[in-house]
Amino acid sequence: MNANSISRSDVEEFLFEEAALLDEWRLDEWLELLTDDAIYQIPSTDAPDSDARHALFLIADDATRIKARVKRLNDTEAHAESPRSRTRRMIANVRITGYEGDSLTVSANFSVFRYRRNSPLRQYVGRYEYLLRTTDDGLRIAERRVILDPTELGTLGAVSFIL
Amino acid sequence: MTDSPYIIDQPEDMVFRLNRRTLADPEILTREQTAIFDKSWIYCGHESEVSESGDFCTRNVGGRPVILCRDSDGGVRVFLNACRHRAAMVCREPCGNTRRYNCFYHGWSYNQDGDLVGVPGEESYPPGFDKANFSLAEPPHVDSYRGFWFISFDPEIADLNEYLAEATEYLDLVVDQSPSGQMQVIQGTQEYDIRANWKLLVENSFDDYHLLTTHKTWLDYMKDSGVQVEPPKGQGLLLPSKGIGKGLGNGHAVIDNINFRGRPVAKWISIYGEDAKEEIEEIRTELVERLGEQRAARVADTNRNLVVFPNLVINDGSSVTIRTFWPVAADHMKVTAWALGTKEESERARARRLDSFLTFYGPGGFATPDDVEALEAVQAGLATWREAEWSEMTRGLNKEGDQLNTDEEHLRAFWRQWNAMMTADA
């Protein structure tokens with residue numbers, strides 16, 4: 001399927017649905033939005049434009065590792081998220097930045113608020129870079145790259161949930 | 001026998017207790033600044049981070065802003081990052097390459113060797129003002145061991161080699177991974193805070209007793225990936241392989257474990273994939289040719305978590321991480337972690353090393369976030385230190401010979417040194 005027919009509002013609707021699944025911790029359903037070869041990456045804050053083969057990232061999951069991550073997060077012994085954080089994602093400034101065959105690249109700004117009991121509010125700000133693929137089942141995520149704006153993770157602590 | 005406000009150390013009576021005040025009271029941190037951090041060698045950085053003349057990195061070391069750099073002769077230097085005029089930091093970039101360190105406040109500028117070379121309106125200073133007296137200041141001692149650079153603010157401190165004591169053997173085991181003896185800090189720094197006392201991360205970094213429960217999901221992940229994680233029967237072990245814990249002198253300590261979790265250098269596990277087998281075998285062959293069978297096995301088949309007193313951790317496990325941390329408050333530390341690889345490794349080997357790093361370590365890894373959670377849970381609990389005063393730290397105390405990585409001898413080694421320094425002037 002050619003990606004040219006996908007509009008920004010199609011993409012927005014897809015990203016908002018994804019955000020809802022993540023905020024509601026419906027992680028198994030979120031996995032269904034990913035292609036079989038999906039990757040999920042968060043570069044280190046001092047090397048935001050680097051390649052995970054050459055630079056140390058915070059997260060550089062292939063599809064197998066993403067599933068393992070979700071399995072871990074579904075376990076009550078993933079202590080950093082047990083009890084789970086409450087998160088709320090704001091997604092804005094959604095732009096389609098390119099089309100190629102059945103795929104499109106998308107950039108979007110985010111602000112993710114994370115609350116836990118006995119912890120201060122942690123606010124993660126940055127942008128998403130997606131590679132989305134059009135399939136018979138609709139849009140699917142082939143690449144999901146999270147570029148954080150803070151110069152260091154600092155008081156944000158860990159990225160123990162799906163950012 | 002030591003009996004102090006901080007620890008009760010009576011091995012003959014099987015007693016070792018730690019006063020929880022040491023982890024919670026801001027007065028302790030104030031004293032640590034002068035009694036511990038100003039009396040130790042503190043890790044500053046790795047030679048590979050400043051490989052060319054003019055390269056620099058700025059960081060906080062021992063509570064001071066410093067510039068780690070290469071001077072015009074190609075030597076590694078450390079300058080205090082404070083203008084000699086009014087103390088403003090002369091370099092505010094995290095890293096880069098420069099010919100000059102320029103203070104923007106009044107315009108004083110320094111060359112790569114720290115010499116003051118520019119003073120706007122110099123003619124208004126009285127006679128006798130000499131720029132030669134205003135070079136960037138340097139710590140009293142700067143020295144390195146096999147590429148790891150340390151500084152000390154104690155003019156009287158022992159030589160670095162003497163200070164490191166038996167920790168040098170464990171630094172050697174890391175550096176010996178490289179055919180040329182050259183390791184490289186890899187681009188990408190993990191900088192994150194933990195709302196806990198810094199000494200809790202010392203303990204946590206080489207405390208294998210917590211692995212089974214804190215890192216159950218990581219062990220499950222390893223198991224799902226085909227790694228054997230069941231402890232052998234009848235050997236009294238909690239973990240899949242035997243490890244020992246021991247002090248190395250001067251408060252340094254280590255756990256030294258037979259590897260079960262895979263090592264990019266050079267022990268294959270299924271997580272690396274079938275296509276990695278051949279190259280890992282080649283890496284191992286090189287180790288054997290260079291180091292001999294026995295030492296190659298020591299490098300490749302053991303993983304070691306090393307604490308260099310007071311605040312440097314080098315974990316040579318799923319990958320090599322350099323980790324240092326600094327207390328900004330009694331209950332809050334800033335952690336900086338890097339990945340270390342061999343200079344020669346192939347692109348594929350480098351990628352495998354980085355991937356292996358992330359299975360366990362770091363704020364997005366499958367283990368470190370649970371460590372952060374554990375330490376913050378401890379710190380919250382420590383608010384009870386006045387009512388529940390002591391922590392028990394006697395695991396293994398009754399054993400003759402080796403103590404296990406899941407015992408606490410290595411923790412006691414750190415705490416004994418810490419206590420000796422904190423009570424030195426008392």
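**View 1. The two domains of chain B have centres 33 Å apart, taken over C-alpha atoms.** This is a predicted model: local features need pLDDT of at least 70, side-chain atom pairs count only at pLDDT 80 or more, and totals for chains, interfaces and linings use all residues. Residues are numbered from 1 along each chain as its sequence is written, while chains are lettered from A and ligands numbered from 1 in the order in which they are written. In chain B, domain 1 covers 41–152 and domain 2 covers 166–422. These bounds come from an automatic or database domain assignment. Domain 1 of chain B brings 10 residues to the contact, and domain 2 of chain B brings 13. Two residues are in contact if their C-beta atoms, placed from the backbone, lie within 7 Å. On the domain 1 side, strand E4 (residues 41–46) of chain B gives the largest share, 3 residues. Helices (H or I, at least four residues) and strands (E, at least two) are DSSP runs, numbered from the N terminus. By class, that side of domain 1 has 4 nonpolar, 4 polar and 2 charged residues. Here Ala, Val, Leu, Ile, Met, Phe, Trp, Tyr, Cys and Pro count as nonpolar, Asp, Glu, Lys and Arg as charged, and the others, Gly among them, as polar.

**View 2. Chain A meets chain B through 32 residues of chain A and 34 of chain B.** Strand E1 (34–43), strand E2 (57–61) and helix H3 (63–73) of chain A each supply at least two residues of the chain A side. The largest share, 4 residues, comes from E2(A). The chain A side has 16 nonpolar, 10 polar and 6 charged residues.

**View 3. An open sheet in chain B has 4 strands in the order E7-E6-E5-E8, with antiparallel pairing.** Strand E7 (76–80) and strand E8 (95–97) of chain B stand at the edges with a single partner strand each, so one side of each has no neighbour in the sheet. Strands count as paired if DSSP finds at least two bridges between them. Strand E5 (residues 55–61) and strand E6 (residues 64–70) of chain B pair over 6 bridges. One example is B:Cys57, whose bridge partner in E6(B) is B:Leu68.

**View 4. B:Pro94 lies in the loop between E7 and E8 of chain B.** B:Pro94 is partly exposed, with 14 other C-beta atoms within 10 Å. A residue is buried if 20 or more other C-beta atoms lie within 10 Å of its own, exposed if 12 or fewer, and partly exposed in between; C-beta atoms are placed from the backbone. Leaving aside neighbours within four places in sequence, B:Pro94 is in contact with A:Asp46, B:Cys57 and B:Thr58. B:Thr384 is 290 residues from B:Pro94 in sequence and 39 Å away in space, C-alpha to C-alpha.

**View 5. Helix H4 (residues 198–205) of chain B is largely enclosed by the rest of the structure, because 7 of its 8 residues are buried.** Among the buried residues of H4(B) are B:Trp198, B:Lys199 and B:Glu203. The buried residues of H4(B) pack against several elements of chain B, including strand E15 (190–194), helix H9 (368–381) and helix H10 (409–422).

**View 6. Chain A has 3 helices and 6 strands.** Along the sequence, the pattern is α-α-β-β-α-β-β-β-β. Buried residues make up 37% of the 163 residues in chain A.
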